[in-house]
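Q: Hi, could you walk me through this one? I'm new to it.

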Amino acid sequence: MDSDNLEKINIILDADVEIREVSGIATETEFLPIPDGQKIKEQVTEFDKKTRTLSGILNRIHSTRSEKMSALLDTARPILESCRETTAALADIVPPHQFWKWKDMWSNSLRTAVFAATLAEYLQDGALLSLQQVAETLGIKPEWQDRLALPVEDYLHGVINLVNELSRLAVNAVTLGDFDQPIKISLFVKDVFAGFSMVVHLAVWDTVLLTWIPAESQERPPSASI
Amino acid sequence: MTSLVSRPSIVHAFEQFREELDDYNDRRERLIKSSRDITNLSKKLIFLLHRTVTEDAIETDDRVLGLRAAARAKGKLAEIQSLFAALRGELAGDRFWHHQRNISPGVQEYIEALSFAHYLEHRTLITYDQVQSTLSDADGIPFFPLSLEDYLLGLADLTGELMRFAIAAISRRGGRQKASDVCSFVRACKADFEGLTPHFKELRKKQSVTAQSLEKIEDAAYAVVVRTSEYDMPPELLDDLVAQTLSRAADHNGFGEESRRKRPREFDYEMNDD
């Protein structure tokens, strides 16, 4: 291999390593220094921390009475909003058109964030937060589309997690004496189910089917007893 | 923007998801199909190159044979390049990285064929920029970015072709020198790739295939040297003797087959069809 070619290869490699791990942003031929903390790995770690905290807080819905739910959600909201700093930082680092090259690095955190946002909305207003609304909540701007976006697949994964969590909540709400919640959940889940049946050929479908049946059967006994 | 409160609004939103997912899947299918077509054409081209450098029993000048092969390759390469040009719209903007894995088998096979033709013509390794320029329009604007991984994996496969080329050449007049050139070339390739393996898992796997190819060429070169020292004879007679020895070895080993079989690409291709 001639030395020019080898140098070229190393420039491309360094640029990718730089984006992934090292502070500073790389262009094809030169490195522009930017402030510390602006690398994908670091941002993903931050994102992960935030979404873990969110999961931790929202786990308490199973032991929170409905009158105190609103106060619990208020503690989750600032953390959800703080995800905007992370998404803005990621949009800054990812080079134009390279969204899909890097997105796997933060998919898990993003799905948890979708889950948290949609769960909070359901508990507050009983509605399903749309994809655009989740993106807005997380501060993801439409003009970043080729660098940072909320893909349909990640939104749907988040919604599936929501449904799973609600099937658990239906049981636990009854334990806490809330007999209305299971019926509300049942109706809501049926609506979401109708939505998912629009995208049947999706790979995630199996996951839905597997989690759905217990969700439905668990709701029946309380509603039948009323 | 409002939340989805009723079943019709939820269903409507999910219908849009379906459209987006259908669009993605349709494009994916089209790209996989194009990638297969490109792979097929590239394979045919590689066979054509092998045929061209071995079929002429009279012509012994390497330069002439190499240039002849490269000239014949031009048309086929242009045909493949036009298939790539047609993918431009499908891979525009952020779509390239969304679909990169769908086309990479075709890209790699093309680079294998291209780099082989390039070697026969110039006796050098084609550079990243040269490959990218063959995948660009007349104004030098790329159809899509060349992924470094595809470039390197395509080159890793070139070493297998060179091994076949060297072994086929060794029995021909002047072929021993050629085999020795190829041997040092492949050795240099292997050394260059070694430093890059930490970055690419697939390349690490291909390194072992490259090592096998190299060993085969080295063994053949060794056999030639041993025979030369054993028999004090003119080069022409030696050529004949080498030809005999190798044809026996070929019947026995079926050399050149292993690395083809070991290549996991087609298998990966199926695996990606999820």
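**Helices and chain contacts**

A: Happy to! Let's start with a crossing: α6(B) and α7(B) cross in a left-handed way, meaning that the near helix is turned anticlockwise from the far one by less than a right angle. This is a predicted model, where local features need pLDDT of at least 70, side-chain atom pairs count only at pLDDT 80 or more, and totals for chains, interfaces and linings use all residues. Residues are numbered from 1 along each chain as its sequence is written, with chains lettered from A and ligands numbered from 1 in the order in which they are written.

Q: What angle do α6(B) and α7(B) pack at?

A: About 155°, with the axes of α6(B) (residues 175–194) and α7(B) (residues 201–230) 10 Å apart. The two are therefore roughly antiparallel (over 145 degrees).

Q: Which residues meet there, in α6(B) and α7(B)?

A: Among them are B:V182 and B:F193 in α6(B), and B:L214 and B:I217 in α7(B). The contact residues divide into 12 nonpolar, 4 polar and 5 charged.

Q: New topic: how many residues of chain B are in contact with chain A?

A: 28 residues of chain B, touching 35 of chain A; contact requires C-beta atoms, placed from the backbone, within 7 Å.

Q: Which element of chain B gives the most to that side?

A: α1(B), with 10 residues.

Q: And how many residues does α5 of chain B have?

A: Helix α5(B) has 23 residues, 148–170. Of these, 20 are buried, so α5(B) is largely enclosed by the rest of the structure (buried takes 20 or more other C-beta atoms within 10 Å of a residue's own, placed from the backbone).

Notes. Helices (H or I, at least four residues) and strands (E, at least two) are DSSP runs, numbered from the N terminus. The expected span of a helix is 1.5 Å times one less than its number of residues. A residue is buried if 20 or more other C-beta atoms lie within 10 Å of its own, exposed if 12 or fewer, and partly exposed in between; C-beta atoms are placed from the backbone. Axes are lines fitted to C-alpha atoms, for helices over the stretch in contact, and angles run from 0 to 180 degrees between N-to-C directions. Angles under 35 degrees count as roughly parallel, over 145 as roughly antiparallel, 65 to 115 as roughly perpendicular and the rest as oblique. Two residues are in contact if their C-beta atoms, placed from the backbone, lie within 7 Å. Ala, Val, Leu, Ile, Met, Phe, Trp, Tyr, Cys and Pro count as nonpolar, Asp, Glu, Lys and Arg as charged, and the others, Gly among them, as polar.
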